[in-house]
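Have the sequence and the 3D view open as you read.

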Amino acid sequence: MVKGKFLDKNDMSLNFLYYLCSVISVIHLLKENDLITIFIMELSDKEKKAIMHAIKCMMAADGVIDSNEMELLNKICLMMHVEQNEFDQVLTMSHEDAMSILKDMSQDKRNMVALLLQDMAKADGLVDKTERMYFIKVNKELNFTNLKNI
């Protein structure tokens, strides 16, 4: 990128989006549809469902689903174009199936999942021990390379 020149959104790569997300919370990016849309466009339907499964598990990890978590889930569903009938399939998806799909994704995509999980864990203002444990469990399977403390 040339100093002083703005990057055209059409020139953005998934790597640049990943970098941007590591600097700015994904929650903030969800307000900027153009940026997160680039990530979402590169996802298959089964990848979207597997990501939603992981997010659902993070929401439920502490045993309490907060209104802020529901708001974030709704935003993510809207941005990922996940309809109610697709989300119903997410509810019945096994953890093993979801992790298998997520493992097959590129490292950049898996790292984006890490950011989404971190944001969901923080959505209610308190990162519970069980949310941390779930994140560690998923990280062991997906080998995130962009870890931040949650």
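## How H4 and H8 cross

In this predicted model, helices H4 and H8 make a right-handed crossing. Their axes come within 9 Å and cross at roughly 30°. Angles under 35 degrees count as roughly parallel, so that's the label H4 and H8 get. H4 covers residues 45-60, while H8 runs over 107-122.

On the H4 side, the contact is built from Glu47, Ile51, Ala54, Ile55, Met58 and Met59. H8 answers with Lys109, Val113, Leu116, Leu117, Met120 and Ala121. Sort the residues of this contact by type and you get ten nonpolar, two charged and no polar.

## Glutamate 47

Setting aside neighbours within four places in sequence, glutamate 47 is in contact with Glu42, Ile101, Leu102, Met105 and Lys109. Lys109 also turns up on the H8 side of the helix contact.

## The largest nonpolar core

The largest nonpolar core has 36 residues, and Ile51, Met52, Ile55, Leu102 and Leu117 touch the most other members. H4, H5 (67-80), H6 (84-92), H7 (95-103), H8 and H9 (129-142) each supply at least two residues of this core. Which helix gives the most to it? That's H4, with eight residues.

Leaving out residues up to four places away in sequence, methionine 52 touches Leu73, Ile76, Cys77, Met80, Val82, Phe87 and Val90.

Methods. Residues numbered from 1 in each chain as written. Predicted model: local features only at pLDDT ≥ 70, side-chain atom pairs only at ≥ 80, totals over all residues. Heavy atoms only, no water. Helix = DSSP H or I, 4+ residues; strand = E, 2+ residues; numbered from the N terminus. Contact = heavy atoms within 4.5 Å. Axes fitted to C-alpha atoms, helices over the stretch in contact; angles between N-to-C directions. Parallel < 35°, antiparallel > 145°, perpendicular 65-115°, else oblique. Left-handed = near helix turned anticlockwise from the far one by under 90°. Nonpolar A, V, L, I, M, F, W, Y, C, P; charged D, E, K, R; others polar. Core = buried A, V, L, I, M, F, W, Y, C linked by side-chain atoms within 4.5 Å. Buried < 20%, exposed > 50% of the residue type's maximum accessible area, 1.4 Å probe, protein only.
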